[in-house]
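This briefing goes through a protein chain by topic, from its overall build to a few individual residues. Please keep the sequence and the structure open beside the text while reading.

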Amino acid sequence: QVQLVESGGGLVQTGGSLRLSCTASGSIYSMNVMGWYRQAPGKQRELVATLTGESTTNYADSVKGRFTISRDNAKNTVSLSMNSLIPEDTAVYYCYCNYRGLWGSANFNAWGQGTQVTVSS
């Protein structure tokens, strides 16, 4: 099993900044993709940003230029720096990873419990 522990989040005014962090631990042979998704009330969960082990990034169009994803491969940690926040960024943010398990050759997905980000106008 793999556990994802998130930190950061909270309440910020429009134009403010926040930083989310997430650390994965457990039966991980190698980490493939780490990233963040979010889910606003009444909406489906959507991709925010992902980062592969080869440093390939993928951002949602709505956050390009404002959010930056980074990871520490040695610590299995991923962070999301969020700048110029707007009320539309309000959501529960979920840490995500795709990893190879210690036994066998299968890859698995894991999710964090989520952290609330609220941007006031």
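A residue is called buried when its relative accessible area is under 20%, exposed when that area is over 50%, and partly exposed in between, as judged with a 1.4 Å probe and with protein chains only. The model is predicted, so that local features need pLDDT of at least 70 and side-chain atom pairs count only at pLDDT 80 or more, while totals for chains, interfaces and linings use all residues. Residues are numbered from 1 along each chain as its sequence is written, and side-chain values use heavy atoms, with hydrogens and water left out.

**Overall build**

- The chain has 11 strands and zero helices, where helices (H or I, at least four residues) and strands (E, at least two) are DSSP runs numbered from the N terminus.
- In sequence order the pattern reads β-β-β-β-β-β-β-β-β-β-β, and because the radius of gyration of 14 Å is close to the 14 Å that the globule rule gives for 121 residues, the chain is as compact as a globular protein of that length.
- That radius is taken over C-alpha atoms, and the globule rule is 2.2 Å times the number of residues to the power 0.38.
- The C-alpha trace of the chain spans about 50 × 25 × 20 Å along its principal axes.
- Contact here means heavy atoms within 4.5 Å; among the contacts between residues at least 6 apart in sequence, 56% join residues at least 24 apart.

**Surface and charge**

- Of the 121 residues, 44% count as buried.
- The chain carries 9 positive and 7 negative charges, whose mean positions are 3 Å apart; Lys and Arg count as positive and Asp and Glu as negative, whereas His and the chain ends are not counted.

**Cysteines**

- The structure holds one disulfide, a term that is applied to a pair of cysteine sulfur atoms within 2.5 Å.
- The disulfide is formed by C22 and C95, with their sulfur atoms 2.1 Å apart, and the link is left-handed, with -85° about the S-S bond.
- This pair links distant parts of the chain, since C22 lies in strand β3 (residues 18-26) and C95 in strand β9 (residues 91-101), 73 residues apart.
- C22 counts as buried because its relative accessibility is 0%, and C95 is likewise buried, with a relative accessible area of 0%.
- C97, by contrast, is in no disulfide, and the nearest cysteine sulfur, that of C95, is 6.6 Å away; C97 is buried, with a relative accessible area of 0%.

**Residues with positive phi**

- N76 is not a glycine and yet has a positive phi of about 50°; N76 sits in the loop between β7 (67-72) and β8 (77-82).
- With a relative accessibility of 17%, N76 counts as buried, and when neighbours within four places in sequence are left aside, N76 is in contact with C22, T23, A24, I28, M31 and M34.
- S84, which is not a glycine, has a positive phi of about 50°, is placed in the loop between β8 and β9, and counts as partly exposed at 40% relative accessibility.

**Two buried leucines**

- L20 is a residue of strand β3 and counts as buried, with a relative accessibility of 0%.
- Not counting residues up to four places away in sequence, L20 touches S7, G8, G9, W36, V78, S79, L80, M82, Y93, T115 and V117.
- The C-alpha atoms of L20 and G65, which are 45 residues apart along the chain, are separated by 17 Å.
- L51 belongs to strand β5 (residues 46-52) and is buried, with a relative accessible area of 7%.
- Apart from its neighbours within four places in sequence, L51 is in contact with N32, V33, M34, T56, T57, I69, S70 and R71.
- L51 and S84 are 33 residues apart in sequence and, C-alpha to C-alpha, 21 Å apart in space.

Terms used. The place of a charge is taken as NZ of Lys, CZ of Arg, CG of Asp or CD of Glu.
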